[in-house]
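Subject: Structure handover

Hello,

Here is the structure I said I would pass on. Please look it over first; my notes on what was found follow below.

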Amino acid sequence: MQITLIQGILLALLAFICACDACWEAFFWFRPIVVAFFAGIILGDVQVGLAAGAVAELSYLGLLTVGGTVPPDPLMAGMMTTVIAFTTGQSAETALGLSLPFALLAQWVGIVCNTTFAGFLRPLDHACENADTKKFTQIVLLGLVIKAGIYALITFLSAFALQNQIAGFVNMFPEWLIHGFEISGGLLPAVGLTLLLVVMLKKQNVAYLFIGFLLMTFLKLGNILPVAIAGIAVAFIGYLNDETIKKNAVTVGGGADDDGI
Amino acid sequence: MTVSRNKLDKKDINKMSMLSILEQSCFSFERMQAPGFCLGLLPGLKKIYGDQKEEISDAMKNNMDFINTEPHMATFLQGLILSLEENGQDRALIKSIKTGLFGPLAGLGDAIFWFTLLPISAAICCSLASGGSVLGPILYIAIWFLGAISRLWFGRMGYNMGVGAVDLISSNASAITKAAGILGMMVVGGLIPSYVSLHFAETLVAPGGVSIQAIFDSIMPNILPLGFVFTLYWLFKKKHVNTLMLIILIILVSIVLSFFRIM
């Protein structure tokens, strides 16, 4: 289906707002599930937005900005998965794979901004020297507006200006290629989860991974909440045990000191 | 000349906490969050020092060093710094407290927000959304709205704790991080069978007429998604394959598997 000029402008505006939040990581509006939901509303097809948001959110789950690294961009992934699913009529899983180039483009924009914004530090230092709080605030906000503006521009160009080219390109794909992208849509959430494991997995807590896996596999639970509650219970037991050990250690340690004196 | 200092009230701290939303604006690789971090302190510093420009300038410069922490924890640190400034603590001490705490606090904040709340909220809301319910994204927005305004609490806590914060954090950070790790691992374990979809085509049959997928299912349901995640883990951890290469590889292999009608 076609995206109209007004829809293109609204999508760009959405990208601007969400890109501000992507800098802040405050309200999590930059996450695919939110971006795709609003994009779906703008396009008049909420179901496409919901489906696209759900697959993209999980695939980009572990791609965290932790430690100042810049991963492929979740905002653009959510946006373009929705847009591609809408304009080509393909499934959300297929659209997810096709949105990757756009997520990479936005990642590259992020890196360029993070590098060039170092140039803002000189004028900021100067404002500190003069205790010029107004100037300081303006420069910081300028950085924000520039970055979000670039996101809005990319979104407008890819979603509106290039929509026929993208749709025409995808519609040339044979059936097996489309199905291939669908398969990858089912596999990519594993990347998100694995990246979480790379940071979180330790010998001390690997057992809990299997407990969670078995609960979910065999209990046919509707969603993850029961597993999370079980997790809180287990973590609490662990915490209490640690407290007891710590307390005993202190008593023993104190005793040893007394002997010494 | 003696420096006079005004007291901050609750409203000033709330204002600081709300401003801390902007903490990662103007992020750059050189000093990371420094500009946004310093920005959040400005109204507080202006109130404390009034028109003593020299003091404001020194305090601003003191907060323009490299800092990279989790945004909610930054609010906590900002509250702490304003309380130290208000009490006229030595700036070198303030700087060393800030530099010493932002690392451990980042670990704590990441464990709470990124490794625990994010997978849980994403999993619950995605299962609603993929079922076609608008409740999915709406609940997600609501959860993270509370997450965002929880910084009011973090800011107040930092301000009220003052210097006492240092001991408390160093004695409790590891316990909380560990508990969050356990919870996070259970949730990730539960997400693997729910969201990783890996199964062979039904038309793919072993000699003897049994479908290949049925063989795997009889060993254990979802054993393929679990094995796939551990294969990826091994590739990341031991082979140091980068994320982008891996994503491209998965897409290419999927297409090949589809072409030969294996999946």
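Domain bounds here come from an automatic or database domain assignment. In chain B that assignment gives domain 1 (10-190) and domain 2 (197-259), and their centres, taken over C-alpha atoms, are separated by 40 Å. Chain A is assigned domain 1 (3-186) and domain 2 (202-250), with C-alpha centres 35 Å apart.

Some ground rules. This is a predicted model, in which local features need pLDDT of at least 70 and side-chain atom pairs count only at pLDDT 80 or more, while totals for chains, interfaces and linings use all residues. Residues are numbered from 1 along each chain as its sequence is written, with chains lettered from A and ligands numbered from 1 in the order in which they are written.

For chain A, an unreviewed UniProt entry places the feature "transmembrane region" at residues 29-48, 60-86, 98-118, 139-163, 183-201 and 208-240. Such positions are given in the numbering used here, feature names are shortened, and annotations may be inferred rather than shown by experiment. Residues 139-163 of chain A are 96% helix and 0% strand, and their end C-alpha atoms lie 35 Å apart. Helices (H or I, at least four residues) and strands (E, at least two) are DSSP runs, numbered from the N terminus.

Between the chains, 90 residues of chain A are in contact with 90 residues of chain B (contact: C-beta atoms, placed from the backbone, within 7 Å). Helix 10 (residues 175-200) of chain A gives the largest share of chain A's side, 21 residues. By class, that side has 63 nonpolar, 21 polar and six charged residues. Ala, Val, Leu, Ile, Met, Phe, Trp, Tyr, Cys and Pro count as nonpolar, Asp, Glu, Lys and Arg as charged, and the others, Gly among them, as polar.

Within chain B, the axes of helix 5 (residues 91-130) and helix 6 (residues 135-149) come within 7 Å and cross at roughly 160 degrees. That makes helix 5 of chain B roughly antiparallel to helix 6 of chain B (angles over 145 degrees; under 35 is roughly parallel, 65 to 115 roughly perpendicular and the rest oblique). Axes are lines fitted to C-alpha atoms, for helices over the stretch in contact, and angles run from 0 to 180 degrees between N-to-C directions. The residues of this contact of helix 5 with helix 6 of chain B divide into eleven nonpolar, three polar and no charged.

Regards

Note on methods: Two residues are in contact if their C-beta atoms, placed from the backbone, lie within 7 Å.
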